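Please read them with the structure open beside you.

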Amino acid sequence: GLDLKERSRMSEEEILMSRERDIIPLFHYLGEFPKPIIGAINGVALGGGAELALVCDIRVATPQARFGQTEIRWGMIPSAGGCQRLRVIAGMAVAKELILTGRVIEAQEALNLGIYNRVVSAEDLMREALSKGKEMAQHSSIALKQAKKVLDFGAEVSSLQAFDFEASKECFYQGQAMEGHKSFKSEK
């Protein structure tokens with residue numbers, strides 16, 4: 001995710017420019033990347049980090065990994081497709097609960113909800129992620145790209161990501177999103 005302490009020192013204009021120039025294009029690029037993306041999660045995936053995990057096609061995590069769309073705590077919503085991806089991956093009820101409460105869940109619960117594909121020891125994390133990549137690499141690259149394209153098209157996540165971003169702008173313009181980030185100045 002983002003460094004909220006760093007963001008607390010930025011002006012509202014700088015934050016909005018950074019989101020439009022850097023963050024949203026990165027998530028569009030990753031979301032439309034034609035090859036499968038495997039995420040290896042060993043720690044906290046909160047806010048933007050959770051959205052980054054969700055943009056991966058397969059997510060392998062350690063028991064220490066935690067997941068949460070915590071933006072609501074700071075007057076924001078997931079703005080890079082997290083609302084859409086979490087809904088598609090884990091279902092509407094789970095997405096609403098996690099996004100509307102900002103609750104952080106442990107790896108086993110994320111696995112049970114279908115957010116993580118596997119939970120393995122920290123020692124096995126990279127081996128498992130690379131193993132999945134090697135397994136897929138044995139198949140036709142054209143078939144992999146087309147399968148991913150069809151699955152993603154049916155989910156309509158990429159086209160709806162713009163809606164997430166536009167809705168999140170209202171948190172800046174009419175909400176208290178800037179105040180939430182400023183609270184990190186005094187925290188360690």
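**Notes on the predicted model**

1. The model is a predicted one, in which local features need pLDDT of at least 70 and side-chain atom pairs count only at pLDDT 80 or more, while totals for chains, interfaces and linings use all residues. Residues are numbered from 1 along each chain as its sequence is written, and side-chain values use heavy atoms, with hydrogens and water left out.

2. On the chain as a whole, there are ten helices and six strands, where helices (H or I, at least four residues) and strands (E, at least two) are DSSP runs numbered from the N terminus. Of the 188 residues of the protein chain, 41% count as buried. Among contacts (heavy atoms within 4.5 Å) between residues at least 6 apart in sequence, 69% join residues at least 24 apart.

3. Two aromatic pairs are present in the structure; rings of Phe, Tyr and Trp (its six-membered ring) pair if their centres lie within 6.5 Å, and planes under 30 degrees apart count as stacked, over 60 as edge-to-face and the rest as tilted. In the pair of phenylalanine 67 and tyrosine 116, the ring centres are 6.3 Å apart and the planes stand at 90°, so the pair is edge-to-face. Because phenylalanine 67 lies in strand 4 (residues 66–68) and tyrosine 116 in the loop between helix 6 (107–112) and strand 6 (118–119), the pair ties together parts that are 49 residues apart in sequence. Tyrosine 116 also counts as buried, at 1% relative accessibility.

4. How many of the eight residues of helix 3 are buried? Six are, so helix 3 (residues 48–55) is largely enclosed by the rest of the structure. The buried residues are Gly49, Ala50, Glu51, Ala53, Leu54 and Val55, and they pack against helix 2 (12–31), strand 1 (38–41), strand 2 (44–46), strand 3 (58–61), strand 4 and helix 4.

5. Helix 2 and helix 3 pack at an angle of about 20°, with their axes 10 Å apart (axes are lines fitted to C-alpha atoms, for helices over the stretch in contact, and angles run from 0 to 180 degrees between N-to-C directions). That angle makes helix 2 roughly parallel to helix 3, given that angles under 35 degrees count as roughly parallel, over 145 as roughly antiparallel, 65 to 115 as roughly perpendicular and the rest as oblique. Their crossing is right-handed; a crossing is left-handed if the near helix is turned anticlockwise from the far one by less than a right angle, and right-handed if clockwise. Phe27, Leu30 and Gly31 in helix 2 meet Gly48, Glu51, Leu52 and Val55 in helix 3. By class, this contact has four nonpolar, two polar and one charged residues, where Ala, Val, Leu, Ile, Met, Phe, Trp, Tyr, Cys and Pro count as nonpolar, Asp, Glu, Lys and Arg as charged, and the others, Gly among them, as polar.

6. The axes of helix 3 and helix 4 come within 9 Å and cross at roughly 50°, and the two helices are therefore oblique to each other. Helix 3 passes helix 4 in a left-handed crossing. On the side of helix 3 the contact involves Glu51, Leu54 and Val55, which meet Gly82, Arg85, Leu86 and Ile89 in helix 4. These residues divide into four nonpolar, one polar and two charged.

7. Helix 4 (residues 82–90) also packs with helix 5 (residues 92–101), at an angle of about 135° and with the axes 7 Å apart; the two are therefore oblique to each other, and their crossing is right-handed. Gly82, Cys83, Leu86, Arg87 and Ala90 in helix 4 meet Met92, Val94, Ala95, Leu98 and Ile99 in helix 5, a contact that by class has eight nonpolar, one polar and one charged residues.

8. Alanine 40, in strand 1, is partly exposed, with a relative accessible area of 36%. Leaving aside residues up to four places away in sequence, alanine 40 touches Val60, Leu125, Met126 and Ala129.

Conventions:
Buried < 20%, exposed > 50% of the residue type's maximum accessible area, 1.4 Å probe, protein only.
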